Amino acid sequence: MSDKILTNREPLRSGLDLEAMHRPRARNGRAPDPHVPGGWFPMREHREDEAVDFAIVGTGAGGGVLAARLAEMGFSVVAFDAGPYFRPLEDFASDETAQSQLFWTDRRVTDGENPLKLGSNNSGKAVGGSTVHYAMVALRQRPESFRSRTKQGFGADWPVDWREMWHYYAEAEEALKISGPISYPWGPSRPRYPYRQHDLNAAALTLAKGAEKLGIKWTETPLATLSAPRGKSPPCVYRGFCRVGCSTNAKQSMLVTFIPRAIKAGAEVRDLAMVGRIETDKQGLATGLHYHRDGAWRFQRARNVVVAGYAIETPRLLLNSASDRHRHGLANSSGLVGKYLMTQSNVAVWGEMDEEVRWNKGPPSLAITEHWNYDDSKDFFGGYIHMSQGPLPVEWASVHTGARGLWGKALQDEMAKYNHMVGLKMVGEMMPQERNTVTLADEEDQYGLKVARVTYSWCDNDKAMIEHSLDFMGRQLEASGARNVWRQPDDTNHLAGTARMGDNRRTSVVDTNCRSWDVPNLFVCDGSVFPTTGGVNPSLTIQALALRTADRIQALARRGEL
Amino acid sequence: MISLPDLLMPSRSGRDARARRALATLSRQASALRSAPRVPAVLAPKGPPAAKSVVVGSAQKLNQASGVLAFSVLTDSALEHYRGSFRNRAMFTPLVVSTLALAASVHGTADDRPDVHVARDVVFGLTALTGLIGTGFHVYNVGSRQGGYRWLNFFYRAPIGAPMAIAISGVLGNMSERLRRTPRGTPPTLYGLDAGKALSLFTALSLAGTTGEAWLLHFRGNFQNPFMYTPVTIPPASGALLADAALRGGASRRSAARAGMIATALAGLAGTGFHMRGVARMMGGWRNWTQNLLDGPPIPTPPAFTGLALAGLAALDLLERRDD
């Protein structure tokens with residue numbers, strides 16, 4: 001690796017400062033093969049002045065899947081990502097600080113009563129998006145979540161039937177060879193997970209013990225990391241660096257699954273290509289996009305544009321693409337672009353065990369309970385899961401310095417307990433509120449584009465859920481034998497909303513095909529289309545929706561409606 | 001000159017002559033694994049050829065089988081119990097016992113006398129007992145963790161079927177001793193049953209059990225390579241053919257069973273190769289052998305099928321003798 005690091009002349013900044021972060025790799029008819037150090041795939045390239053069928057902005061859980069499926073259907077596809085194209089085997093270090101290279105840390109403004117902390121667990125800047133560093137938790141939303149308004153009395157209904165979503169969940173699970181339990185204890189029956197569950201580490205066994213003491217069900221978390229070999233990917237070796245990038249390729253991120261599929265099927269991927277604006281013509285149709293690569297603005301013509309930049313960059317791009325015909329931003333006749341931003345609560349309880357736990361070994365969340373997603377006897381709307389935890393040392397130190405304000409000797413004493421710590425952390429459904437928004441700030445970023453202003457406030461229901469989860473998780477952790485249990489009451493993670501899908505063009509940004517109501521050749525394919533965010537990690541839902549969107553696009557094309 | 005068979009020999013008169021004979025047989029076995037009587041006259045056994053021909057020959061083949069199994073268990077338990085840091089001192093037991101069983105098997109393979117050898121008999125008895133006790137330990141280990149007897153713990157705790165391999169080795173050795181005791185001119189029996197039938201059925205059952213173990217662990221590995229279906233198809237099918245030949249008789253059924261046993265023996269050897277490739281597919285491959293020998297597919301286990309197939313071939317010899 002060392003000979004790859006400092007080929008550029010610039011001084012070391014953050015991270016490893018790899019060449020991949022400064023010069024595009026996917027070009028000249030080839031793209032990096034993430035499974036082979038120094039390896040390449042042949043890649044079809046497209047001319048900028050010839051309109052491709054689809055220009056896709058973003059290569060994460062939404063864009064990555066869609067690029068592969070559309071290319072496999074025979075469409076010409078160019079997918080853009082603002083981040084670098086890594087080969088994990090040679091580019092990733094076992095070092096938390098260096099691996100911050102995977103996060104989207106461009107300038108943003110945050111405000112509201114509960115400003116979001118942006119960066120690590122809710123963004124990604126790499127080919128493969130945040131799936132390159134996600135925790136691989138691959139869950140299905142419960143059926144009622146797709147009819148929250150009708151069945152549960154809050155939020156909005158999805159314009160998609162849960163059975164259809166569950167069909168695509170199965171497809172996504174198969175594509176990623178999710179390792180999960182033989183039978184899943186909650187919800188309607190589902191097919192057996194493609195790969196077997198992983199063994200549990202001591203932190204996960206603690207969750208199991210507490211759950212059994214309290215009489216609730218638990219299971220092994222379905223994870224997108226391999227429990228047996230698959231092609232060139234070895235099975236997981238339980239290194240535990242998952243959330244700063246998997247250097248073995250056991251993690252089935254977009255980078256090692258759908259991106260190679262896309263390129264093999266004829267799609268082109270452009271790395272280090274920041275899309276700044278979607279161009280529209282006098283009829284209001286998208287004609288292509290302006291993107292920044294190699295230090296210059298360029299233009300790619302396209303017959304259709306897909307925005308897959310996640311819940312901040314997607315509305316930002318749409319708002320930044322305002323034109324005479326779309327004065328308030330593209331696809332924004334409803335005025336809802338950037339509204340109903342949702343995050344998921346990610347509060348935790350932590351405690352100490354007498355015996356050594358070594359919680360950083362293995363994927364961070366090996367055991368889970370969905371009890372409070374499926375038990376409706378609670379005093380708040382929505383639901384949450386909670387899972388065992390294994391933060392790495394720097395992340396753990398930042399919990400102490402941040403949430404607890406510890407420093408000096410107190411911090412040292414806490415860190416000395418590292419190998420004996422256990423924790424439970426929830427992923428909880430926060431309510432869609434119109435006042436939680438992504439808008440444009442007056443500041444500009446390094447590309448000269450207006451940066452996003454992210455405004456967030458919790459509502460009473462959010463607070464009730466947080467209180468409920470802290471109380472319950474605290475009891476569970478104590479039941480498992482932990483001492484000195486304390487709360488971390490302020491963390492959030494995944495994002496959703498800001499371009500919600502719906503049945504009505506006045507109350508949603510995209511229709512059931514994830515196509516803009518206003519611009520018929522513009523699609524959105526990421527978590528921004530979620531009308532409600534559900535009480536589970538969103539990646540599998542985004543992937544399932546992308547698989548569905550690909551099929552919908554194919555159906556539209558066959559009917560001549562594209 | 002002292003060898004392991006010497007050491008195992010009880011101290012009594014005529015010991016040296018027997019040891020020489022045993023060593024001569026051992027070298028003969030080594031040069032031609034299939035016990036072929038076509039050997040130079042100097043090395044030919046001195047006993048009466050008629051008695052040796054099938055019954056003692058089968059007994060020696062059973063010692064080959066028990067030896068292969070003991071070797072598989074020795075190497076596998078060494079690897080797996082080392083991986084488990086020998087947390088419980090009882091985890092050394094299979095290493096000691098399978099070493100003894102291996103030595104007794106080598107000794108028996110080289111010994112063509114038609115009578116029971118007390119030390120060997122004791123070793124094989126202990127070996128069988130160890131397998132049963134070990135199974136108890138493994139059953140306890142699976143259930144003792146959070147979640148109890150659920151798939152997770154069957155996959156990742158002590159492999160529940162593994163200790164039975166050494167039990168089978170012990171039983172085969174015990175059978176070998178019983179066979180040797182067959183009076184000349186009487187049909188061989190085992191535990192009161194016709195020997196060929198008893199050995200066939202025991203072998204078929206053992207193949208089924210070992211298949212179960214392979215299925216569990218290959219299911220855990222999701223049969224990600226189609227060849228992972230080999231040990232869950234060929235051995236049980238061959239075991240069924242063997243049982244069929246034992247129960248219904250007939251030359252064609254015996255031929256089919258013999259083909260099955262040869263296929264099973266080869267599958268066991270091929271499995272070792274596949275498991276070595278499996279180690280190569282782990283992160284870091286063979287360069288990272290200190291980790292991957294422990295975490296990859298266990299290289300020593302597939303030859304257990306070869307051992308059982310050798311027992312099946314011995315059973316077929318006995319069936320042939322019975323039916324002819």
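Where chains A and B touch, the contact draws 17 residues from chain A and 13 residues from chain B, with two residues counted as in contact if their C-beta atoms, placed from the backbone, lie within 7 Å. On the chain A side, strand S7 (195-196) and helix H6 (202-214) each bring at least two residues, and H6(A) gives the most, with three residues. By class, that side has ten nonpolar, two polar and five charged residues; here Ala, Val, Leu, Ile, Met, Phe, Trp, Tyr, Cys and Pro count as nonpolar, Asp, Glu, Lys and Arg as charged, and the others, Gly among them, as polar.

Keep in mind that this is a predicted model, where local features need pLDDT of at least 70, side-chain atom pairs count only at pLDDT 80 or more, and totals for chains, interfaces and linings use all residues. Residues are numbered from 1 along each chain as its sequence is written, and chains are lettered from A and ligands numbered from 1 in the order in which they are written.

Now for chain A as a whole. It holds 13 helices and 22 strands, these being DSSP runs numbered from the N terminus (helices H or I, at least four residues; strands E, at least two). Of its 562 residues, 57% count as buried, meaning 20 or more other C-beta atoms lie within 10 Å of the residue's own. Among chain A contacts between residues at least 6 apart in sequence, 73% join residues at least 24 apart.

Finally, look at helix H13 (residues 539-558) of chain A: its 20 residues should span 28 Å, and the end C-alpha atoms are 29 Å apart, which agrees. The expected span is 1.5 Å times one less than the number of residues. Just after H13(A), A:Gly560 takes a positive phi of about 75 degrees.

Conventions: A residue is buried if 20 or more other C-beta atoms lie within 10 Å of its own, exposed if 12 or fewer, and partly exposed in between; C-beta atoms are placed from the backbone.
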